[in-house]
Structures are given as structure tokens and as C-alpha cells.
Amino acid sequence: MTNSYILPLEGNNAQLEPDAFNSTRDISNLDNQLSKVGKLQNYNFAYLGTGPIITQHFEDGVFYYSGTTRIACQWRIPTLSANHKSINITLKGNGTSGNALFTLSNASSSNTKNFVFNSSKYDQGSITLASVSAEYSLLTLTVSGVIQLDYLSVEYLPLTSPLAEAKVSAIYMNGFFYPFGDSTFLSNQPLSSAIGQQMINNLRILQRRPRVLFCASGLDLPSATSPTFGAIKPQKGLTINDLFALNTNFIVWKNYNRLSSIYKLVMYVENLTEYDFVFKVFNQEITITSGSIPQWVEYDLRVIFNDNNSENYLSMPLIEFKPKPQSIFTNASPVLSISFWGW
């Protein structure tokens, strides 16, 4: 049995018309309407959460390096399913025997893609893992030689049609997605309660799939002199303004009441100062204590918007700082990498 899907904008054959009916059937399947339901659910499984997950633009030559191998950036990204194993990377940069080596790892599986720069260019490449079994993957960027990066983008690649003919672990929750076969909804074929349960299960799995809202890394590179831009001083930690940028990436919903949302905040932090770094994400107060060694920390945030039914637009400040850290961390914060996704 083939578990195919159709693209929603692929002509009239992809359009679902729930009001189409046939008076001679107890359950209508006119123009394969029911078949389209299964195919569109397969499509959602293949595409939901894919696309760009990391986009960073390095201004004024701040990403410039000349030297031996060094880890410059790292990101944690959520897993979409056990079958979503590939990412695509787009770079713009310049260099002389410059190398940008990306390593993607998840549990015991890892793979790499190296980009070589001897001139100014755009370049693209992909990484595919042999297996995915952990809730999130680690992506690191290691540089060497003489290299200057201006821009990078990382995106999850969707699954191709047909889908694998087996249930697929969702990874991020204790459950499986069951693809629909092309013959599941044939004309006049009885619909069993098991099919209905399968559809409801799949919707619940898709509802909780992570969607990346914000993902960025600082630059662990030494101060240098760029031949194009002069003296530069990369920030190992993200700046206060970088964190405030989270607010612009936050979604505002209109006319929804008591919308319960779950968010995951993952950060790589280091605080070698004598001061605590304190800020709020929604109602969660987060403290990166003085003397914190480099480590990954994560928080699950549960939020109910518009709890009192008083606003038409749902919005909430994502990041709030106490006055003290703003005056101390004028250039960079103890947050070396941050990922924020919701479902």
C-alpha cells in the first residue's frame, strides 16, 4: 500500500470540499474527498515544522577568522520525527582556504558537511543522519583557514512522497504517526472506528510537533582585523538586543480565548562574572548564577493567553530584564546559544 500525499496547491485535485456529497451513498466519497483527507494528513506530517529553523546575518564583518580549527557556533534544534533526518544549509562568505565544517548529531548518529571558501560566493549543501532517536539535535560550526561569513540559513527538509510504509515515532512525545494508504478511503469502503482513531491520533501528534520560533548562536571567535572591515570584536554571548529580538519573532493571535500553549526554551550558558543574570520569559523567572560553567539548560513553559477574556489581540512580552543586568552586561549576555520553539 502506497502512503502518498498531494501538495495543497497542486490544482483542483488537491482541494478538499467537505460539502461534496453523493445521495446514493451513506458516506460520500464524491471526487475522492475522503482520499484527499488522508493524503493531506500525510502532507502535514511530511512538511509541518520544516523550512528555515536558523537564520543569522553577520554584519560589518564580525564573523572573520584566520587560524586553526575552532568551534565558532552551536545550536540545538528540535526533532520533528524519526524520519526527518535531513537539513539543508545555505552560506554566503569569502575566504582563502577557508573551511566551514557543520556537524549534525543526534544520540549516536552524526554526519558532517564542509564548505570551502577561496572566493566570495553563495554555497549550499545538506546533511543527512542515519537515525534520529533523541528529542533534539546539536549542530556545530567549526572554522579554519581564513574565512569571513556574511550569512547562513539552515532548514529542515520535508519528507518526499510516498511516506514510509510503517508507523513513525514522533520522538518529542510518546506516540506514533500512522500514514494513510492510498486505498484506505476507496469509494464506498466502510469506515471503521479504527480509522477514526487513527485520524485523531495523527492530529494530536501533529498538534504537538515543535515549530522553531527563534534560534541563534553567539560567536566564539577572537578579536581580529578584517581586511575589509578593519578591527572586529565578535561576541561570544548574545547581546541584550539579540535577546530582545525574540519579541519580534513572537506570534500574536487574534480573537482566540484561553489558548493553551507550550514552549521549550533551550540555552547554552556561561556566567564567569560576579553577578547573577536574571530575566523573565513569560511568567518564568530565569537566573544564570554567577560562576556558572558552560552548560545546556532548558525550560518547559506553559502559557494560557487571554485568561480573563478581556483582549481581542493576544500578546505578551517574551523577554523582560531586571534593570541590574542591563547596566552590567552592556556588550554581551551569558547566553551563548538560544533556541525557542513552541507547540
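I began with W296, which is partly exposed at a relative accessible area of 23%. The model is a predicted one, and I kept that in mind throughout.

**Entry 1: the partner of W296.** I looked up which ring pairs with W296. I found Y268, with the ring centres 4.9 Å apart and the planes at 45 degrees. Planes under 30 degrees apart would count as stacked and planes over 60 as edge-to-face, so I logged the pair of Y268 and W296 as tilted. Next I checked the elements. Y268 belongs to strand 13 (residues 259-271) and W296 to strand 16 (residues 292-305), so the pair ties together parts that lie 28 residues apart in sequence. Is Y268 buried or exposed? I read 17% relative accessibility, and Y268 counts as buried. The cut-off for buried is under 20%, so W296 at 23% is partly exposed.

**Entry 2: other rings.** I noted 7 aromatic pairs in the structure. One of them joins F102 and F115. Their ring centres are 5.8 Å apart and their planes stand at 90 degrees, so I logged this pair as edge-to-face. F102 sits in strand 3 (residues 86-106) and F115 in strand 4 (residues 109-117). The two are 13 residues apart, and the pair links distant parts of the chain. I then looked up accessibility for both. F102 has a relative accessible area of 0% and is buried. F115 is buried too, at 1%.

**Entry 3: charges over rings.** What lies over the face of F115? I found K113, at 5.7 Å from the ring centre. I also logged K92, whose charged end sits over the ring of Y122, 5.8 Å from the centre of that ring.

**Entry 4: I89.** I moved on to I89 in strand 3. At 0% relative accessibility, I89 counts as buried. Which residues does I89 touch, leaving aside those up to four places away in sequence? I listed F102, F115, D123, Q124, G125, I127, S153 and V154. Both rings of the edge-to-face pair, F102 and F115, are in that list of contacts. For I127 I also took the C-alpha separation from I89, which is 8.1 Å across 38 residues of chain.

**Entry 5: the cavity.** How many cavities of 30 Å³ or more are there? I counted 1. The largest cavity holds about 40 Å³ of space. I read its lining as T79, H84, K85, S86, I87, L104, N106, L129, V132, S137 and Y156. The largest share comes from strand 3, with 4 residues. By class I have 5 nonpolar, 5 polar and 1 charged in this lining.

**Entry 6: the largest pocket.** I put the space in the largest pocket at about 660 Å³. Its lining has 26 residues, and the closest to the centre are Q56, H57, F58, L238 and D242. Strand 1 (51-57) and strand 9 (211-217) are the elements that give two or more residues to this lining. The classes here come to 13 nonpolar, 9 polar and 4 charged residues.

Key:
Residues numbered from 1 in each chain as written. Predicted model: local features only at pLDDT ≥ 70, side-chain atom pairs only at ≥ 80, totals over all residues. Heavy atoms only, no water. 1 Å grid on protein atoms, 1.4 Å probe; cavity = no way out; pocket = protein on both sides within 12 Å on 5 of 7 lines; lining within 4 Å. Points joined across faces, edges and corners; volume = space filled by probe spheres on them. Nonpolar A, V, L, I, M, F, W, Y, C, P; charged D, E, K, R; others polar. Phe/Tyr/Trp six-rings, centres within 6.5 Å; stacked < 30°, edge-to-face > 60°. Buried < 20%, exposed > 50% of the residue type's maximum accessible area, 1.4 Å probe, protein only. Lys NZ or Arg CZ within 6 Å of the ring centre and 35° of its normal. Contact = heavy atoms within 4.5 Å.
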